[in-house]
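Me: I have a structure open here and I'd like to talk it through slowly, if you have a moment.
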Amino acid sequence: MNYRLPKSERLHADKLIKELFNEGSSFFLYPFKVQFFVKKDQGSGTSQVLFSVSKKKIKKAVGRNFVKRRIREAYRLNKALIPPSAPNMSIGLIYVSSDLMEFSEIQTKITLVLKKLVSIISENQKQHEIENDQNRQTLE
């Protein structure tokens, strides 16, 4: 397992960030609001992730950076929960709590977020495959 989190796996392009927030779907799992967008081009590559902590919730930059470091580390250690067969996607992890949580709490929440994300994506893929099969049958 590759436990690195290189720049290629971090979402930093303005165009992709706008696409994530304008066209993506979301769900809430305290303390995270999770935005995700499955990319249309099924090219090779891995999912890209964005970490955000609100200035409104955590006033001091030291606290925001502290939480972001913990979130990045928890994601880096648990990104293997996203299977390699999963489609290429953009993920935004937005921390919405005003409390500085312990690393163990953040890590358990990140694992829950990733498991829920994988289940949503696989459910959507199955639904898409069923629709394609129905379309093929009507064309025949």
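What follows is a chat about the core, a strand and a helix of this structure.

Me: Before we start, what kind of model is this?
Reply: This is a predicted model, so please keep that in mind as we go.

Me: OK. How many residues are in the largest nonpolar core, and which have the most contacts inside it?
Reply: That core has 25 residues, and those with the most contacts inside it are Phe 32, Ile 71, Tyr 75, Ile 91, Leu 93, Tyr 95 and Ile 110. Two or more residues each are given to this core by strand 2 (32-38), strand 3 (48-53), helix 2 (61-78), strand 4 (89-95) and helix 3 (103-139).

Me: And which element gives the largest share?
Reply: Helix 3 does, with six residues of this core. As general background, nonpolar side chains in soluble globular proteins tend to be buried together.

Me: Let's switch to strand 4. Is it enclosed or open, and why?
Reply: Strand 4 is largely enclosed by the rest of the structure, because seven of its seven residues are buried. On one side these are Met 89, Ile 91, Leu 93 and Tyr 95, while Ser 90, Gly 92 and Ile 94 lie on the other, so that both faces are covered. In a regular strand, side chains alternate between the two faces of the sheet.

Me: Which strands pair with it, and in what sense?
Reply: Strand 2 pairs with strand 4 in the antiparallel sense over seven bridges, and Lys 33 stands opposite Ile 94 there. Strand 3 pairs with strand 4 in the parallel sense over six bridges, with Gly 92 as the bridge partner of Leu 50. Together with helix 2, strand 3 and strand 4 also make a left-handed β-α-β unit.

Me: Now helix 3: how far does it reach?
Reply: Helix 3 has 37 residues and spans 53 Å from its first C-alpha to its last, which is close to the 54 Å expected at 1.5 Å a residue. Its buried residues, among them Ile 106, Val 113 and Ile 121, pack against strand 1 (25-29), strand 2, helix 2 and strand 4.

Me: Why does Val 113 count as buried?
Reply: Its relative accessibility is 1%, and buried means under 20%, so Val 113 counts as buried.

Me: What does Val 113 touch?
Reply: Leaving aside neighbours within four places in sequence, Val 113 is in contact with Phe 27, Leu 29, Phe 32, Val 34 and Leu 93. Leu 29 is 84 residues away from Val 113 along the chain, yet their C-alpha atoms are separated by 6.8 Å.

Notes:
Residues numbered from 1 in each chain as written. Predicted model: local features only at pLDDT ≥ 70, side-chain atom pairs only at ≥ 80, totals over all residues. Heavy atoms only, no water. Core = buried A, V, L, I, M, F, W, Y, C linked by side-chain atoms within 4.5 Å. Buried < 20%, exposed > 50% of the residue type's maximum accessible area, 1.4 Å probe, protein only. Helix = DSSP H or I, 4+ residues; strand = E, 2+ residues; numbered from the N terminus. Pairing = 2+ DSSP bridges. Right-handed = clockwise from strand over helix to strand, strands pointing away. Contact = heavy atoms within 4.5 Å. Expected span 1.5 Å × (residues − 1).
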